[in-house]
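These are my notebook entries on a single protein chain. I set down what I looked up, in the order in which I looked.

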Amino acid sequence: MKPSRLHDHLAEAIKDPDPIRVGDELICLRFETMKVYSALGAVRHLLDSGAVKPGDTLIDSSSGIYAHALALACHRYGMKCHIVGSTTVDRTLKIQLEILGATVEQVPSSNNLQLDQNLRVRRIAEILRDNPTYHWMRQYHDDIHYLGYGAVADLVAELVPSGPLCLVGGVGTGASTGAIAEFLRRRGRDVNLVGVQPFGSITFGAGHTQDPEMIIAGIGSSIEFRNVRHDLYDRLHWVSFDYAMSAAVDLLRTSGVFAGLSAGAAYLSALWEHNCDSSRQHVFLAADTGTRYVESAFARHAEARPMNAMRPREIESLDDLAVPWSAMSWDRRESAQLRREEFPSATPSH
């Protein structure tokens, strides 16, 4: 149970996850919106360092979760906010953002993730040319977004105070799973980090693959995310929409946890990892609720596959990647193709 205390702002109240035991094997960290940690930590750091001041405008691109988090952080600290969003920013979220004071624009609709992400980044460049005083948050590239997750590492350490851990979650920009694992490892914890990716994401070399459905928004990328530190990850799972949807439905049906597609993919991957190594306590991240996936995923619950009917294809080479589910030992290798950003040396924000 969360402690009963009076918060100064909703952002502080909703950022903490609900830790939920799923079955006998797994712990789910179920967030309402996980990236509030990232956005609050980043905005606080910018204000404390003098890089921005109250009243300045912060701008970034988002598929939805970060947009809400940044709008809340800006509202909390008296900043202005401008979001260049993908079409996954639905009407419910867009109205919330506007009432919070953010201005929101969306790029033209596209079924091509690379086109969508490139259009958003190109639009930000245009806005910055016309408004040079705006500060681009660069959630994909600026490692200040790691800082806020020190508090999540603290929570994991309290939940599982000893013994080897396995942390499973969507890779996305790299700041969440990478930061939590790194903060824990700095304390001497034995942590295996398992990243979850959709097919089509270039982050770990799956750009040559394609999911017959749409790529899962938020956890993969068709453009370079320099915040991803490849050498933090021990294992990778690539999960299709179909399998992620099936697992998200099972997670809701068996545990009551209503979470998004990335949570379904993480749940599926965590169960497999536990089957392979039951000596570790497995913790998986549910980064947001399932609300925005009601029509696209949960309404199709009758199509969900049984959990025991889904198994990954264990591969040794990226050339062997295949839909609907592939898994690979990454062994903390660096990527030769993407630049590596150093982990921030600043003290974690709480």
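This is a predicted model: local features need pLDDT of at least 70, side-chain atom pairs count only at pLDDT 80 or more; totals for chains, interfaces and linings use all residues.

**Entry 1: E12.** I began with E12, which lies in helix α1, residues 10-14. Is E12 buried or exposed? Its relative accessible area is 16%, and because buried means under 20%, E12 counts as buried.

I then looked up which residues E12 touches, leaving out those up to four places away in sequence. They are H7, L40, R44, R76 and Y77. I also checked E12 against G260: the two are 248 residues apart in sequence, and their C-alpha atoms are 22 Å apart in space.

**Entry 2: the sheet.** In which order do the four strands of the open sheet stand? I read the order as β5-β4-β3-β6, with parallel pairing. The edge strands are β5 and β6, the latter at residues 135-136, and each of them pairs on one side only. As a general point, I recorded that strands of a sheet pair through backbone hydrogen bonds, either parallel or antiparallel.

**Entry 3: the pairs, one by one.** Strand β5 covers residues 103-106 and runs parallel to β4, to which four bridges join it. Within this pair, V84 has E105 of β5 as its bridge partner.

Next I took β3, residues 57-62, which pairs with β4 in the parallel sense over six bridges. Here I59 stands opposite H82 of β4. How does the chain get from β3 to β4? It crosses through helix α3, residues 65-77, and this β-α-β crossover is right-handed.

On its other pairing, β3 meets β6, again in the parallel sense, over two bridges. I found that L58 has H135 of β6 as its bridge partner.

**Entry 4: cover over β4.** I looked up how far strand β4, residues 80-85, is covered. The strand is mostly covered, as five of its six residues are buried.

**Entry 5: a helix pair.** Finally I turned to helix α6, residues 150-159, and helix α7, residues 175-186. They pack at an angle of about 60 degrees, and their axes are 8 Å apart. That angle makes α6 oblique to α7. The crossing of α6 past α7 is right-handed. Which residues make the contact? From α6 I listed G150, V152, A153, V156 and A157, and from α7 I listed I180, F183 and L184.

How values were computed. Residues are numbered from 1 along each chain as its sequence is written. Side-chain values use heavy atoms; hydrogens and water are left out. Buried means under 20% relative accessible area, exposed over 50%, partly exposed in between (1.4 Å probe, protein chains only). Two strands pair if DSSP finds at least two bridges between them. A crossover is right-handed if, with the strands pointing away from the viewer, the path from the first strand over the helix to the second runs clockwise. Axes are lines fitted to C-alpha atoms, for helices over the stretch in contact, and angles run from 0 to 180 degrees between N-to-C directions. Angles under 35 degrees count as roughly parallel, over 145 as roughly antiparallel, 65 to 115 as roughly perpendicular and the rest as oblique. A crossing is left-handed if the near helix is turned anticlockwise from the far one by less than a right angle, and right-handed if clockwise. Contact means heavy atoms within 4.5 Å.
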